[in-house]
Amino acid sequence: MKVYLDYAATSPVLYEVRAAILPFLENNFGNPSSIHQWGRNARAAVDKARKNIAKFLNCQEQEVVFTSGGTEADNLAIRGLILGLGTSIEKPHIITSQIEHHAVLNTCKALEKEGLAEITYIKPDREGIIRIQDIKKAIKKNTVLVSIMYVNNEIGTIQPICEIGKMIERENQNRKNKIYFHSDTVQAVKYLPMDVNFLHVDLLTISGHKIGAPKGIGALYIKKGTSIKEIITGGEQEMGFRAGTENVAGIVALGKAIELIKNLKFKIENLKKLRNYFIGKILKEIPDVELNGSKELRSPNNANFYFKYIEGESILLNLDLAGIAASSGSACTSQSLEPSHVLLAVYENPERAHGSIRFSLGPNTTKSEIDYVIKSLKQIVEKLRKISPLTPKEKNA
Ligand code: PLP
């Protein structure tokens, strides 16, 4: 049996998405900037995708900027804002969290190193939630941006984006310089409310390959009036926010994938039930296991466990041999063998960070697949603990 439980890393291109993009790889290959009919066809397709996304986010079409993915959208939001503000603030201050995706964290670190901004990295609580009070306390005169993710890609925790947005709006009433609010919502798009007015955000990142479009396409919502400067210079594409000939097929795919999300709604409750069944069984049937993250404030597709006394990498390799895909840490750090910065920030325990595995389910994951994973995991954990020097002697007896 083969079971893919790594949907937070990436997801397959949906059949309808594939069908929608094929014409743009074949006959409709025009450049949207060309004035002839090939160009006009491509332009119409880009416009339609932008319209779909604007409808989904409840914003204006001109507020949606296509990028090469979530990473570039995060870069454009953060670096673009700092560049856009220019010299209006002497040393701008950004508030973010210790558990952001590296696309946000490393952009902040780079700006810090370049002397372009000072950054506060908020520590999460023991469930991986960022407290609104902590953000509020960190606000300074020179604060220009708060960037907090909606759903954490490793432990699936849901952050109170709407409440953070409202708090920032209240703060903005008594300030000279506005604090902008960015949220990386890459892992939330399929499952949570995405209306930008409800969320009270100025900037919002999405990525195609987590929702059934191909890799290499994403978008940034930029609220009208937000002073963003482009970070890729060149032509005037994307209203001047992002130069480069548009990835027409990718854009069409993203528009279609977003359109299809409405069909998922009825599957989410089942997904949550199946995920809860999985968590319940693992915690009950395997000794010395803990759930990482919050039990309640959790994305419906995520389960992340700490298996005491063994290395996550060994579990992963054995799962792979059994035909099961999961991950330790995020896909981006898996090549470095560095322990997850998210688990380190939440639990301050390197052993826990090294002994944890993320399972991320998809909308079509079945109970028989989950039962197979439970059965395999039980065997793998028992086998590895027998040979692990970390297992206490009495447990091994
Ligand atoms: N932000 C989050 C929360 C993610 O999970 C990812 C992908 O892993 C990204 C950003 C990066 O998106 P992309 O792979 O499209 O660059």
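Hi everyone, let's start at the ligand: one of its oxygen atoms sits 2.8 Å from a polar backbone atom of G70. Before I go on, please keep in mind that this is a predicted model.

How much of the ligand does the protein bury? Taken alone, the ligand exposes 400 Å², and 88% of that is buried by the protein.

If you look at the whole shell, you will count 13 residues around the ligand, and the closest are T71, D184, Q187, S207 and K210. Which element gives the largest share of that shell? That would be helix α3, residues 70-85, with 3 residues.

Now, D184 takes us to strand β6, so let me stay there for a moment. β6 is mostly covered, with 5 of its 5 residues buried. In a regular strand, side chains alternate between the two faces of the sheet. Here, Y180, H182 and D184 point one way from β6, while F181 and S183 point the other way, and all of them are buried.

Who is next to β6? Strand β5, residues 143-147, pairs with β6, residues 180-184, in the parallel sense over 3 bridges. You can find the partners on screen: L145 is bridged to Y180 in β6, and S147 has H182 as its bridge partner there.

Zooming out, both strands belong to an open sheet of 7 strands with mixed pairing, in the order β2-β8-β7-β6-β5-β3-β4. At the edges are β2 (64-67) and β4 (118-122), each pairing on one side only. From one strand to the next, the twist averages 20°.

Two of the helices that pack on this sheet deserve a mention. Helix α2, residues 37-57, touches β2, β7 (203-207) and β8 (218-222), and its direction makes about 120° with that of β2. Helix α8, residues 248-260, touches β2, β7 and β8 as well, with its direction at about 100° to that of β7.

On to another sheet. This one is open too, with 3 strands in the order β9-β10-β12 and antiparallel pairing. Its edge strands are β9 and β12 (356-360), each of them pairing on one side only. On average, neighbouring strands here are turned by 25° against each other, direction ignored.

Between β10 and β12 the antiparallel pairing runs over 5 bridges, and A303 stands opposite F359 in β12. Helix α9, residues 265-285, packs on this sheet and touches β9, β10 and β12, its direction making about 10° with that of β10. Helix α10, residues 312-321, packs there too, touching β10 and β12, and its direction makes about 45° with that of β12.

Is N292 buried or exposed? With a relative accessible area of 0%, N292 falls under the 20% cut-off, so it counts as buried. What surrounds it? Leaving aside residues up to four places away in sequence, N292 touches I155, R298, N304, F305, Y306, L343, Y347, R352 and S356. With S356 there is also a polar contact, 2.9 Å from side chain to side chain.

How values were computed: Residues numbered from 1 in each chain as written. Predicted model: local features only at pLDDT ≥ 70, side-chain atom pairs only at ≥ 80, totals over all residues. Heavy atoms only, no water. Buried < 20%, exposed > 50% of the residue type's maximum accessible area, 1.4 Å probe, protein only. Polar contact = N/O pair within 3.5 Å; in protein donor to acceptor, adjacent residues only side chain to side chain. Contact = heavy atoms within 4.5 Å. Pairing = 2+ DSSP bridges. Helix = DSSP H or I, 4+ residues; strand = E, 2+ residues; numbered from the N terminus. Axes fitted to C-alpha atoms, helices over the stretch in contact; angles between N-to-C directions. Near = heavy atom within 4 Å. Areas by Shrake-Rupley, 256 points an atom, 1.4 Å probe, with all protein chains shown as cover.
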